[in-house]
Structure formats: C-alpha cells, structure tokens
Amino acid sequence: MTSTFPNISISTERLVLRPLDEDDVPALAAMMNDEQVAAWTHVPQPFTEADAGTWIGDHAPAERAAGRGLDLAVTEFLTQRLVGVVQLTKTNWHVRSTELSYIVAPWARGEGYASEAALATAQWLFGDQKFERVELRTAADNTASQQVAQKIGCISEGVLRGACIARVRTDDGVWTDVRTDFIVWSLLPEDLEGSIGPLTGSDGFTTFTDWN
C-alpha cells in the first residue's frame, strides 16, 4: 500500500496553507510568469492559465496519490490572497524524508512569508507525520532562497557541483539554460527544538478527508 500525505490545512499567524484549487488558477499563472520564478524553476515560459489548471487538476493530485509529494497553496489569513506555493517532492516513506521547496509571488516578497510557510510545513512534517529529515536544495546564486533556509534553521551539508539548471535571458530576450551548483540543506527535528513558536489554533492544522 502506498503511503500518501493527507489533504491538509496548516494555519500560522499570518498564513493558511491548503490544497490548491481551481480558484487559484489566475493567481498561480501570474505568479509563475515572474522573472525570478522563471530563472530558478523549470516551469514553462510563458506559463498559461491552462498550465496552471493542469498543475492543480492533474499534476498535484497525481503526485499526492502516488506518495511522491504534496503541493500546498500559501494564502494570506486575512485576505485569502495567494502569496506562494510550498511543494514536497522526492518523498521517501521508509527513510521518512522529503524535499521542500517554495515559491513566493513577486508582490509578497520581503514579508517573511516563505520562511513562515516553510517552517510551518516542517513543524507539521516532524510532528504530525513523524518525518525525520527535510531537505532543501538552493541554486548557488539564489541568495533569497538560501536566506530562507538559514532563517528556519537548516544546516548546509555541501555543494552538488553542476547539478542545477537555471535560466537567464539573453540579449534578445530569450530564456536560455545555464548550469550552476546546488547547495544542499537539511532540517532535522532536533534543529527546531526550542526555536519554534506555536502555530495558530489548538493544533495548527486540519485534515480534509473529502477534499479532492
């Protein structure tokens, strides 16, 4: 039997992390067309609303059903506006480990949303799901992502040389691939001991058993 993540809603002081739904299509498409997102991810460019619909309706459910990961929308608690996405991928249920990544909309950067969402997800993984390791990989030149990893308490384990493909724009405006290094970070349950605050609510998360 394949282990899978539950459909989950995680609340923090400012954010709600929940499954992506069809109402997120326009905001997700807009966010994925940002220059920084294009540079550091592998999403197609331009990223259309059809692409967003496929991600939400097909890719995310398939990844969860197969036990490979989980995609969560990150929304503002007060406005419910989509501010980003947290993804869990390459999940190993025997080792109880998974890789975490995050994307933040350009208008929401500089507010600490990425670290708040990543930390809340790690708390849930270690507490509710009994995971033992969360791994992050950041491109060598992606200093903003590295700052998030440091802020939530990750330990840098080393460099995977030439393991990352990023993108840059050429003089004529075309995206082209460039090879760079990956910095590998890890977070273990003991790394968070004594350094994490409580999540909002009595337990901070709710499971939606009937959510597609």
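Modeller: Cys-154 counts as buried, at 7% relative accessibility. Keep in mind that this is a predicted model.

Colleague: On to charges. What makes Glu-116 and Arg-14 a salt bridge?

Modeller: The cut-off is 4 Å between a side-chain nitrogen and a carboxyl oxygen. The closest N and O atoms of Glu-116 and Arg-14 are 2.7 Å apart, so the pair passes. This pair links distant parts of the chain. Glu-116 is in helix 4, and Arg-14 is in the loop between strand 1 and strand 2. They are 102 residues apart.

Colleague: Buried or exposed: how do you class Glu-116?

Modeller: Glu-116 has a relative accessible area of 18%. That falls under 20%, so Glu-116 is buried. Arg-14 has 29%, between 20% and 50%, so Arg-14 is partly exposed.

Colleague: What makes Arg-109 and Asp-34 a salt bridge?

Modeller: Their closest N and O atoms are 2.6 Å apart. The limit is 4 Å, so the pair counts. Arg-109 sits in the loop between strand 5 and helix 4. Asp-34 sits in the loop between helix 1 and helix 2, 75 residues apart from Arg-109. Arg-109 is partly exposed, with 34%, and Asp-34 is buried, with 14%.

Colleague: How do you know that Glu-99 and Lys-90 form a salt bridge?

Modeller: Their closest N and O atoms are 3.5 Å apart. That is within 4 Å, so it is a salt bridge. Glu-99 is buried, at 13%. Lys-90 has 60%, over the 50% limit, so Lys-90 is exposed. Bridges that share partners join Lys-90, Glu-99, Arg-133, Glu-135, Arg-137 and Glu-157 into one network.

Colleague: How many salt bridges are there in the whole structure?

Modeller: A search finds 11.

Colleague: Now the inside. Which residues have the most contacts within the largest nonpolar core?

Modeller: They are Phe-5, Leu-17, Leu-100, Tyr-102, Trp-124, Leu-136 and Leu-187. This core has 36 residues. Helix 4 gives the largest share, nine residues. A second, separate core has 18 residues, including Ile-56, Ala-60, Leu-82 and Ala-105.

Colleague: What is Leu-187 in contact with, leaving aside its neighbours within four places in sequence?

Modeller: Its contacts include Ala-122, Phe-126, Ile-152 and Cys-154.

Colleague: Why is helix 4 called largely enclosed?

Modeller: Count its buried residues. 13 of its 15 residues are buried, so helix 4 is largely enclosed by the rest of the structure.

Colleague: Why is Leu-15 called buried?

Modeller: Its relative accessible area is 0%, under the 20% limit, so Leu-15 is buried. Leu-15 is in strand 2. Its contacts include Val-74, Phe-77, Tyr-113 and Glu-116. Leu-15 and Asp-34 are 19 residues apart in sequence, and 22 Å apart in space, C-alpha to C-alpha.

Colleague: Step back. How do you know that the radius of gyration agrees with a compact globule?

Modeller: With 212 residues, a compact globule would have a radius near 17 Å. The protein has 17 Å, so the values agree. The C-alpha trace spans about 55 × 40 × 40 Å along its principal axes.

Colleague: What share of the residues is buried?

Modeller: Buried residues make up 47% of the 212. The protein has five helices and nine strands. Among contacts with a separation of 6 or more, 66% are between residues 24 or more positions apart.

Technical notes: Residues are numbered from 1 along each chain as its sequence is written. This is a predicted model: local features need pLDDT of at least 70, side-chain atom pairs count only at pLDDT 80 or more; totals for chains, interfaces and linings use all residues. Side-chain values use heavy atoms; hydrogens and water are left out. Helices (H or I, at least four residues) and strands (E, at least two) are DSSP runs, numbered from the N terminus. Buried means under 20% relative accessible area, exposed over 50%, partly exposed in between (1.4 Å probe, protein chains only). A nonpolar core is a set of buried Ala, Val, Leu, Ile, Met, Phe, Trp, Tyr and Cys residues joined through side-chain atoms within 4.5 Å. Contact means heavy atoms within 4.5 Å. The radius of gyration is taken over C-alpha atoms; the globule rule is 2.2 Å times the number of residues to the power 0.38.
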